[in-house]
Amino acid sequence: MNPPNPSPLLPGATIGMVGGGQLGRMFALEARRMGYRLVVLDPGDATPAAQFCDRHIQAPFEDVDACLELADVSDVVTLEWENADVATLRAMAERVQIHPSPDVLEVAQHRVREKDAARRLGVLTAEYRAVRSREELDEALREIGAPAILKTARMGYDGKGQAALHSLSDADAAWSAVSAQGDDFILEARVPFRMEVSVICARSASGETACFPVAENEHRRGILHLSVVPARVPEAVAAEARRVAAALAEGLGVVGLLAVEMFVDPDGRILMNEIAPRPHNSGHHTWEACGVSQFEQQLRAVCGLPLGDPALLRPAAMVNLMGEDAGTGLGRPGAARALAVPGTALHLYGKREARPGRKMGHLTVLADSADQAEARAREAWERIVAGG
Ligand code: AMP
């Protein structure tokens, strides 16, 4: 066991949060439950987190003065949005502790740096090449071969800024689909994965780490749809996924949370796909299903408190409610019917407007087995989407 932090930030302290979406909202709920004050920086009006924080600095993330103000009113700053400007975060870090650090964010903001770091730490990834021009795409494609995926190196999440290449002749189409969306890119070999999994690892300043159980993830159109926990993989595969997440958190020096998305390849090997140094959609079930939620764990880690117990108390499944899902608009007529499915909990993020691709809420379902949790989550989702 690591020695306790001699000077943790105790309840009553003020936590600054960069980003005010649903991750910040769930963090805010936990922070307030535990007696902390919370100030959120977000450009939006009445964002999901602002509804539960003590103060909302409504300003763009590029507004340096607003960011410095957040630093000045906070005892520690953390974030739910990793694409904040690194130079601004560095200026903030001269005034207040920021967890995770700007150095970690610099890596996590860029898919090539992320994979370079993984390889340096001995973690497997898909074959990849950095691409900065149409000529480099041809060269990379010759080396990697098809099928492959061209992605923007920055600001890519939820499958945005990506184009699939099924053969070498798709280079033109892929380039014209993606090239306007960024300055630098990555070409990755398509992994014929057996399953997508993720692990969220918490790490405190004292070096204590704690991994949440492995989640098995199903995506739709590049966006997470369903997570089932525990992932239905052999224990050796689950152990390797946790080992990889902890190795990355330690190797990058993360203080806070590191979510690691991974592929399980046909040989049962773990390949890192992407990291996010913040709470993650695939960890929402932890609210009901684990000894500590990912949001409380983030708070504990950034405040220097002992980490909580991430153990899974019951098998769980989480399903997202998206803006395009009929019935998930305001009023949610199917909510009562969904809640009749045993073990179902409803989370709505307080977003006023339902738009396609927008995460409006989620359902978490607890059950006696992962299979049962999955079946019930699909049933609850059908009911809420069907409405009435
Ligand atoms: P990403 O934004 O990188 O998380 O990609 C979104 C989704 O696209 C992933 O969850 C996978 O389903 C798929 N994907 C991304 N990269 C690859 C890859 N190299 N091989 C196979 N599938 C991929």
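**A buried glutamate and the ligand beside it**

Hi everyone, let me begin with E188, which is buried, with a relative accessible area of 3%. By buried I mean under 20% relative accessible area, taken with a 1.4 Å probe and protein chains only. Before going on: this is a predicted model, where local features need pLDDT of at least 70, side-chain atom pairs count only at pLDDT 80 or more, and totals for chains, interfaces and linings use all residues. Residues are numbered from 1 along each chain as its sequence is written, and side-chain values use heavy atoms, leaving out hydrogens and water.

Back to our glutamate. E188 sits in strand β8; strands here are DSSP runs of E with at least two residues, helices are runs of H or I with at least four, and both are numbered from the N terminus. Leaving aside residues up to four places away in sequence, E188 touches K115, E127, Y128, I144, A148, I149, K151 and N273, where contact means heavy atoms within 4.5 Å.

Now, what lies 2.9 Å from a polar side-chain atom of E188? That is a nitrogen atom of the ligand. A polar contact, by the way, is a pair of N or O atoms within 3.5 Å. On the oxygen side, R111 has a side-chain N or O atom 2.9 Å from an oxygen of the ligand. The ligand alone exposes 470 Å², and the protein buries 93% of that; these areas come from the Shrake-Rupley method with a 1.4 Å probe.

Let's step out to the whole shell. The ligand is surrounded by 16 residues, the closest being K151, Q162, V191, E196 and E274; a residue counts as near if one of its heavy atoms lies within 4 Å. By class, the shell has 5 nonpolar, 4 polar and 7 charged residues, with Asp, Glu, Lys and Arg as the charged class and Gly among the polar ones. Strands β6 (148-152), β8 (185-189), β13 (256-264) and β14 (270-276) each supply at least two shell residues.

And the domains? The chain is assigned domain 1 (14-108), domain 2 (127-189) and domain 3 (195-386), with bounds from an automatic or database assignment. Domain 2 and domain 3 each give the shell at least three residues. Over C-alpha atoms, the centres of domain 1 and domain 2 are 33 Å apart.

One last stop: helix α10 (residues 294-303) has 9 of its 10 residues buried, so it is largely enclosed by the rest of the structure. G304 follows α10, with a positive phi near 75°.

Notes: Polar contact = N/O pair within 3.5 Å; in protein donor to acceptor, adjacent residues only side chain to side chain. Buried < 20%, exposed > 50% of the residue type's maximum accessible area, 1.4 Å probe, protein only.
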